[in-house]
Amino acid sequence: MLITAPTVMADQLVETARLARAGAGQLALARIDQLQPPYLEQPVEWLRWEEERLAILQMREDWVGIIQRAQNLPDKTPDSFRNKTFTLAADARLAQGEVEAARAIYRQLLWQENRSAISEQEQRRWREGIIRSYLAETMLKDAEIAIRRYSFDYPQQQQRTLPWMADVLVQQGRYAEAVALRSQVEQQDIALILDLAELRLNGKPADAQVQRAWNTLSAREQVAYEQWVIFAEAAAMVQDHRLQIACLEQAVLHKPYRSSKAFQLSGSQLWDAYIQYGRQYGNQQQLLIGDDENWFAAATELLDQDPTLARALFAVLAFESLETNHRRLAHDYLVNLVADIDQQGRLLKYLYLDNPRFATMSQIPSVARYQLVDHAIAQGDIGLASELMQDLEAPGDAEQIAWQLRRARVLILGNAITQGVEILADMTKQPVDEAATIDALVQVVFDLQKINRHREALQIFQQLQVLPLENQRRRELFFWMAESYTALGQHDEAAHAYLESAILENEQAMDQWAQTARYHAAKSLASAGYRGDAQTVLEQLLRVTRDKERRAVLRQELIQLKGYE
């Protein structure tokens, strides 16, 4: 293997880090895969690249990626690096809810043989992880004991232990003891849980608390998830259901991946608030339960002018209408209204998944399950997507194509690749004349490429080429086929496909697409051993390229082809 000079590698590492900070984390990780040397050949450089990889995975909250790196650490990496990597893996398991596994790693780190070489800071870090694991599993007695021992061993860390102790006390309903901690508090981050303790201790909010909630909403002020939970609880105490709904929705939209169980929410709280507000309005308007026509009329009239109240009225209909079709229609309206204020699906999951009203997946209305499947796929939660699709009826004819694509994507990403490819293949045999449909189908084929199933991807691309397509679409297909041929090492086929992509409309074409395809064709020709052809294509590009940086790249490629140093 050619060993890259340290200065060049350092520059590449800096450039990769900049890509990640600019938001291109996936690209940065792909570059690391390409540029990181083997550990046995260049251990120091490998460690530098791995440090950056772990930092990017943390930034992206890619917990699975961190765990996989820890599981595949090379032998004989330094103890300090192994400790750091396993600590991150324990944190990642805790973030994923794998609490026992996380606690086991923290304990292994804490009780390893070479404890004398471990810093006090590392030991504290692992003990803190164990405390957080107890809190995550609501093992409050164990948490309290661990916190008190930690406080005894590290008295200078008292301000760090106060939030944990307040958390334990509030979850146990020991509100007076929690409020008594306020005199010891120096930092602001504990104030919220003490506010919650005070609210529950007094049994009613201060007038200023409710007013601040309204002011915060009207000013569109951004506050923490915990503050929204407190506002919602205060609003519930004074039976201001509209304010309670607004605060609960904001809480869900701002919820971090990790938060105290003291601030735990469930979907039933929002459903209850919707229904109470809807009934309150219905009573004012003298709407009778069972008079669905007037309830629907009132709700639809409010769709634009007061969507919060419309959601509340549809919630009443969704659970209290006597007609199955009316309940289904109400859920349909509600799901679409919720989607208007949350494109990421957090509210939808909160309402339909984290909710005892829907004890099983089959009880969740189909309209909600369709959208939840899409969100689960987008977030990479293929297990949830598969579970949601079990026994789910296909939608009406107008949505059959989207449904088939959902099924194919879930099957492919869930490793049932043969079945997923069969669905795609069947779709290409049916009349497909909408560009949007082909685009959606191609996106699923990209999933095949991402998991290195390039033969299957080529099968679908080749079947799509038979369809009556616009020339630009056909050029795109040739280009993507070439990428799969390249991944398979079939460089002559890749060169052919790249050139077809370039010259499909005009053999002399030199538009931007054609130039890109020709450049890749030259690389493939060189890899296939056709160095003369590759040189010809690069020289053609050099004659039409005006950009200085691109010209420099092309000249460098030509020099390498001609065998110059």
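S133 counts as buried because its relative accessibility is 0% (buried means under 20% relative accessible area, exposed over 50%, partly exposed in between, with a 1.4 Å probe and protein chains only). Keep in mind that this is a predicted model, where local features need pLDDT of at least 70, side-chain atom pairs count only at pLDDT 80 or more, and totals for chains, interfaces and linings use all residues. Residues are numbered from 1 along each chain as its sequence is written, and side-chain values use heavy atoms, with hydrogens and water left out.

**Around S133**
- You'll find S133 in helix α7, residues 120-136 (helices are DSSP runs of H or I, at least four residues, and strands are runs of E, at least two, numbered from the N terminus).
- Leaving aside residues up to four places away in sequence, S133 touches L94, V99 and R103 (contact means heavy atoms within 4.5 Å).

**The whole protein**
- There are 30 helices and zero strands.
- Of its 565 residues, 47% count as buried.

**Aromatic rings**
- A search of the whole structure turns up 18 aromatic pairs (rings of Phe, Tyr and Trp, using its six-membered ring, pair if their centres lie within 6.5 Å; planes under 30 degrees apart are stacked, over 60 edge-to-face, the rest tilted).
- W271 and F358 make a tilted pair, 6.1 Å centre to centre with 55 degrees between the planes.
- That pair links distant parts of the chain, 87 residues apart: W271 sits in helix α15, while F358 is in the loop between α19 and α20.
- W271 is buried at 0% relative accessible area, and F358 is buried at 7%.
- W271, Y274, F319, Y352 and F358 form one aromatic cluster.
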